[in-house]
Amino acid sequence: MSGGGGPSLMDSLFQRTLDDLIKGIRLHLPGAAQSSFISKSLDEIRREIKSTDSQTKATALQKLTYLHSLHGIDMSWAAFHAVELTSSPSFLHKKTGYLAASLSFRPSMDVLLLLTNQLRKDLSSTNQHEVSLALECLSVICTPDFARDLTPDIFTLLSGKNFIRKKAIACLLMVFSQYPDAVRVCFKRLVDNLESADNAQTLAATVGVFCELASKEPRSYLPLAPEFYRILVDSRNNWVLIKVLKIFAHLAKLEPRLAKKVVEPICDHMKRSEAKSLVFECVRAIVSSFYEFEFAVKLAVAKIREFLLDSDLNLRYLGLQGLLLVAPNHLWAVLENKEVVIKSLSDVDRNIKLEALRLVMSMVSDDNVVEICRVLIGYALKSDPEFCNEILRSMLSTCSRNVYEIVIDFDWYVSLLAEMARIPHCQNGEEIEFQLIDIGMRVKDVRPELVRAGRDLLIDPALLGNPFIHRILSAAAWVSGEYVKFSRNPFEIMEALLQPRTNLLPPSIRSVYIHSTFKVLSFCLHSFLLPGKGVNSSRSNFVDIEPGFTYSESEQEFTETDHATSSSGFNKRDTFTQEAVVNMLTLVITSLTPLAESHDVEIQERVRNVLGLAQLAQQEISCNHDQKEKMVDKVDLKTSIIIRLINDALSEDFGPVSLSAQERVPVPNGLVLEENLSKLDSICADVQLSISESFSLVKPILLPTDGDSVSNQQNEEDSETSPAESMSLLAEHRKRHGLFYLPSDHNKNASSSFPPANDPNQRDNDVEDLVKLTDESLVLKRKPGSNRPRPVVVKLDEGERLPITVKKTDENDDLISGAVRDVLLGNEASLHSSNPSGRRKGESHSKDKVENFETGNSSKRRSKHRNHGKYVEDKEENSEKSKKKSGGRHKARRRADGGIDVAVQKQVIPDFLL
Amino acid sequence: MIRAVIVINDQGKPRLVKFYDYQPVEKQQEIIRNVYGVLCSRAENVSNFVQDSTFGPDTRLVYKTFATLFFIVIFDDSENELAILDLMQVFVETLDKCFGNVCELDIVFNFNKVHTILDEIILGGQVVEMSSSEVVKALDDITRLQKNPNSIVRVPKSISGWQGR
């Protein structure tokens with residue numbers, strides 16, 4: 001009928017309605033059928049929307065909006081049609097257009113410009129529902145242009161009918177944020193609306209706007225404190241009161257005198273109100289902003305306790321949250337409620353469990369960290385995997401806070417980390433890996449214990465089957481290699497590092513294992529070949545890494561203990577017999593030779609290093625095997641020389657590196673770092689090309705070899721791999737469905753206390769136990785046995801934490817508050833000033849205001865004796881004052897119209913704060 | 001302020017989606033999927049709050065289950081959790097009054113009307129009405145306006161369009 005897909009009468013007559021579309025979608029199964037139906041409908045919509053008939057167009061747009069909103073279909077192409085419909089004389093079509101606009105327009109659309117006039121027209125419509133449509137749309141898609149152009153229209157609405165007024169007020173927030181200068185026009189009317197006691201909803205919208213504004217930059221709204229105070233005392237609307245409380249929570253932090261004034265009425269509300277929402281808001285305000293007022297906090301904590309004991313889970317959750325807010329300033333409140341907190345750890349609700357966990361962590365100090373961690377570890381074993389890991393994570397982060405600030409006994413902490421590794425669900429391998437190595441480097445005294453813990457982990461073949469703790473094993477391997485001199489039996493570690501099941505490890509971790517093998521090997525050979533020049537002699541000529549980087553005064557002491565451990569650890573020469581060393585060399589060579597052909601570069605390279613050393617040593621040592629008398633000359637062997645060199649290199653300690661270390665490296669002369677690299681583009685273009693070529697060429701070649709490698713490896717290690725692999729699968733399965741397995745022998749200690757998940761009796765018992773345990777352990781007292789001095793923890797001279805970025809307030813917020821100050825302080829001159837100079841004025845005003853407060857201070861002191869704490873009198877004075885205030889405001893308004901009288905204005909604000 | 005109001009059913013299908021600051025539609029869908037994932041994993045009869053970081057560290061999410069539907073409100077720290085729960089109650093009450101014993105199908109087939117109701121309660125992320133009877137009154141007004149006979153001027157227009165071809 002009509003060419004080019006244009007609309008036709010048929011389309012209009014037989015057009016599917018929105019209902020038809022929805023029914024159609026519901027008839028088609030989700031997936032291909034449904035999406036093909038939708039794309040068919042889209043084709044129809046594309047045709048229909050071009051119709052000149054506005055009913056057809058509106059229906060098409062309706063359908064499109066529906067698809068956009070609920071099925072994620074793009075409709076930016078139809079923006080113009082939406083704009084067109086907003087100008088329709090029919091209310092229904094207009095509404096369709098506005099709905100489409102507010103659901104789909106994005107701020108950068110060109111078509112928005114076309115909407116300005118229509119919005120203006122509808123904002124000034126006599127039909128209040130048309131006005132609401134425009135306001136709703138504006139509140140979502142407002143741009144700086146809209147805000148600038150439409151501010152006068154919205155200003156008019158601020159004193160109109162309540163139905164519109166509340167919406168205009170709500171819309172203002174968006175307008176202000178887009179166009180801060182609108183504040184200069186609208187702010188006074190907005191303030192006036194704080195007095196609209198006749199309509200609760202208008203007042204609610206107004207305080208809502210102030211609440212948002214004050215949360216961004218509270219200082220500017222201090223002068224309005226009297227108004228808010230009046231609302232706080234007079235209003236009985238919970239919604240309004242909640243918002244006012246939030247405003248005061250912001251303001252009170254800035255002005256202690258205000259806090260003093262406001263805390264009483266807040267407590268009154270807290271005592272009086274039946275509405276839990278209001279009570280909770282009072283509690284939140286008190287504990288976060290008024291925590292210096294003992295009586296108020298006591299009352300708030302009592303309310304929190306009511307919440308905690310309520311049967312409603314929502315209230316219990318909020319109670320815990322409230323407690324969490326109290327914790328930093330009043331830890332006693334947490335301790336008072338600790339049974340509830342501990343019990344909540346086993347709540348059915350995950351949220352409650354998490355909050356309880358955070359609270360438990362807030363109670364941790366260096367006195368009780370050991371007990372709390374013991375309780376939590378026990379708990380982690382019994383909870384579901386997700387929460388178990390949550391517990392582990394918070395323990396790890398709490399204990400490592402500020403470079404292990406709260407840890408005194410590092411031996412204990414290392415064993416705790418090792419214990420965590422053995423928890424079946426543990427998924428925090430990465431963090432534990434980091435901490436094991438970090439502690440090793442920072443705390444010299446803990447290294448023997450670290451090696452012991454590492455050995456226990458390495459030696460357990462069962463752990464290799466759990467991919468989540470591979471990272472921990474990697475740390476254990478590194479530690480055992482790096483600090484092998486503290487080991488009781490290096491041969492044992494060597495065996496652990498080379499055990500067949502290590503083929504379950506990913507290559508990156510396996511190469512750590514192999515490198516550790518190298519360290520252990522060189523250490524053993526050194527002890528065997530050069531027994532006289534023991535560890536200590538090589539240590540004595542060892543110089544610290546960086547100048548200006550001092551370990552501590554205990555260095556001297558340390559070498560002594562070092563000596564002691566190494567001599568007592570393995571019975572010196574007896575351990576390193578010829579036979580043992582030869583056996584070890586054989587073990588190394590037989591187990592690593594197959595890997596020399598590995599396709600992983602890291603592994604291959606390291607294996608070859610180890611093999612090279614081992615083979616060299618094997619030759620020379622077995623040559624000497626027969627002639628025992630020649631053993632004296634061991635020192636002169638080629639191996640000995642190499643070993644000495646290697647050992648010297650390896651015995652140099654790693655230290656932690658400061659985050660800013662690189663910055664301190666001077667830039668070499670002649671190196672231009674800030675040169676323009678624009679030429680690089682042309683060079684890079686070539687490089688990238690060649691890379692992409694090589695990709696396409698290499699891949700097909702690489703793939704088959706890869707396959708070969710797998711099969712090769714499998715052939716080589718046939719006898720090993722297949723059972724091992726099935727073991728790993730089994731282990732993985734066990735990990736996933738741990739509940740259905742009986743405890744296995746190897747993680748016996750971990751699993752023996754593992755109860756069936758949903759055994760209520762058991763759980764209750766556990767809870768009882770926990771409560772009992774914590775009853776004893778959470779008491780804040782010095783442990784008698786904690787006389788042991790804390791070992792030195794190496795810290796770098798400057799802060800190691802990431803530099804804290806200074807939080808900048810939004811520039812727009814700055815602008816808004818600047819404008820607010822201008823308006824509140826009645827500066828007429830800046831009203832019409834252009835933007836930049838206006839801003840500067842705002843700044844100077846803030847200085848003015850500081851002065852205001854200073855004068856207020858002195859006047860406060862002057863009049864303190866006047867209202868000597870008599871509450872009734874105080875109240876009367878209040879009402880008087882509020883009268884005075886309103887008078888003052890009228891004056892202020894007059895002033896804004898006429899001349900400026902800052903002196904009077906100044907008194908209005910501080911007076912209240914007395 | 002309130003950042004979003006979402007209604008999804010227990011299959012994860014969105015039934016009402018309203019964001020109060022602009023979000024690209026892909027992002028909206030992603031948020032809905034994430035929220036659904038979280039809500040699904042929660043047991044019945046647990047608390048209605050979820051810590052949610054969709055819109056930054058301080059945003060929270062309150063949800064309520066009505067029959068087959070999840071009603072979800074995402075908001076920041078200038079709102080009170082319990083008050084938002086009340087607000088949801090008002091919204092559902094209003095729906096109930098408008099549709100008479102509201103069910104999922106009512107919301108499915110009344111896309112426009114549900115949006116109209118929501119817009120009377122929340123505007124620009126701010127609550128503007130807490131009384132369901134006021135909302136119902138406004139809605140009746142709007143319905144009357146929509147049926148206004150002078151909106152039926154389409155017949156001559158479409159004919160002229162047709163003749164012009």
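**Close-up views of a predicted model**

**View 1. A:Lys353 and the ring of A:Phe387.** The charged end of A:Lys353 lies over the A:Phe387 ring, 4.7 Å from its centre. A charge counts as sitting over a ring if NZ of Lys or CZ of Arg is within 6 Å of the ring centre and within 35 degrees of the ring normal. The model is predicted: local features need pLDDT of at least 70 and side-chain atom pairs count only at pLDDT 80 or more, whereas totals for chains, interfaces and linings use all residues. Side-chain values use heavy atoms, with hydrogens and water left out; residues are numbered from 1 along each chain as its sequence is written, and chains are lettered from A and ligands numbered from 1 in the order in which they are written.

**View 2. A:Arg46 and the ring of A:Trp77.** Here the charged end of A:Arg46 sits over the ring of A:Trp77, at 4.4 Å from the ring centre.

**View 3. Aromatic pairs in chain A.** Over all chains, the structure holds 18 aromatic pairs. One of them, A:Phe290 with A:Phe293, is tilted, at 6.4 Å centre to centre and 45 degrees between the planes. The rings of A:Tyr379 and A:Phe387 are edge-to-face, because their planes are at 85 degrees, with the centres 6.3 Å apart. Rings of Phe, Tyr and Trp (its six-membered ring) pair if their centres lie within 6.5 Å; planes under 30 degrees apart count as stacked, over 60 as edge-to-face and the rest as tilted. A:Tyr379 and A:Phe387 are both buried (under 20% relative accessible area; exposed is over 50%, partly exposed in between; 1.4 Å probe, protein chains only). A:Phe290 is buried at 0% and A:Phe293 at 17%.

View 4. Helix α13 (residues 225-234) is largely enclosed by the rest of the structure, because seven of its ten residues are buried. Among the buried residues are A:Phe228, A:Ile231 and A:Leu232. A:Phe228 also belongs to an aromatic cluster with A:Phe187, A:Phe210, A:Tyr221 and A:Phe248. Helices (H or I, at least four residues) and strands (E, at least two) are DSSP runs, numbered from the N terminus.

View 5. B:Val5 stands opposite B:Lys18 in β2(B). Four residues separate the strands of this hairpin, and B:Gly12 in the turn has a positive phi of about 90 degrees. β2(B) (residues 14-19) is mostly covered, with six of its six residues buried.

Technical notes
Pairing = 2+ DSSP bridges.
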